[in-house]
Amino acid sequence: MDNAVAIAALARHHLPEPGEKAPQSTAAMTMAIGAVWTHARPCEAMLAAYRADPSLTAFKLDFATALQDTPATLTTVTVARAASA
C-alpha cells in the first residue's frame with residue numbers, strides 16, 4: 001500500500017491533472033501493466049495456437065512496446081478527461 005501511495009504522489013507531482021483521482025489512475029495503470037506482462041508471455045497452449053493459426057499472432061503483444069504504449073494511452077485519456085471536466 002505504501003508503494004501505491006508513493007507512486008500516486010509521484011504521478012500527481014509530474015501529472016497534476018488527475019488531482020484527487022491520481023490513486024485510481026495509478027491503480028488502473030498498475031493493473032494494465034500487469035495484464036501486459038501476462039499477455040506478452042503466452043503459455044505453451046497459446047504458442048501452439050499461434051503455430052496452428054498464424055493469423056492469431058496479430059494479437060501477440062511485444063512487452064517493451066506495450067509497456068510504452070499502454071501507460072501513454074492511459075495518461076493521454078486521463079489528461080483529456082481532466083481537461084474536459
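Predicted model: local features only at pLDDT ≥ 70, side-chain atom pairs only at ≥ 80, totals over all residues.
## Helix H1 against helix H2

Two packed helices are described by the angle between their axes and the distance between the axes. Helix H1 spans residues 2-14, and helix H2 spans residues 22-40. Their axes come within 9 Å. The crossing angle is roughly 110°. Angles of 65 to 115 degrees count as roughly perpendicular, so H1 and H2 are roughly perpendicular to each other. The crossing of this pair is right-handed.

On the H1 side, the contact is made by Ala4, Ile7, Ala8, Ala11 and Arg12. H2 contributes Ala22, Pro23 and Thr26. By class, the residues of this contact are six nonpolar, one polar and one charged.

## Helix H2 against helix H4

H2 also packs against helix H4, residues 63-84. The axes of H2 and H4 come within 10 Å and cross at roughly 155°. An angle over 145 degrees counts as roughly antiparallel, so H2 and H4 are roughly antiparallel to each other. Here too the crossing is right-handed.

From H2, the contact draws on Ser25, Ala28, Met29, Ala32, Ile33, Val36, Trp37 and Ala40. Facing them from H4 are Phe63, Ala66, Leu67, Thr70, Pro71, Leu74, Thr75 and Thr78. The contact of H2 with H4 has twelve nonpolar residues, four polar and no charged.

## The largest pocket

The largest pocket has a volume of about 320 Å³. Its lining counts 13 residues. Nearest the pocket centre lie Pro18, Lys21, Ser25, Thr78 and Arg81. Ser25 of H2 and Thr78 of H4 also take part in the contact between those helices.

H2 and H4 each supply at least two residues of the lining. H4 gives the largest share, five residues. The lining divides into seven nonpolar, three polar and three charged residues.

Terms used. Residues numbered from 1 in each chain as written. Heavy atoms only, no water. Axes fitted to C-alpha atoms, helices over the stretch in contact; angles between N-to-C directions. Helix = DSSP H or I, 4+ residues; strand = E, 2+ residues; numbered from the N terminus. Parallel < 35°, antiparallel > 145°, perpendicular 65-115°, else oblique. Left-handed = near helix turned anticlockwise from the far one by under 90°. Contact = heavy atoms within 4.5 Å. Nonpolar A, V, L, I, M, F, W, Y, C, P; charged D, E, K, R; others polar. 1 Å grid on protein atoms, 1.4 Å probe; cavity = no way out; pocket = protein on both sides within 12 Å on 5 of 7 lines; lining within 4 Å. Points joined across faces, edges and corners; volume = space filled by probe spheres on them.
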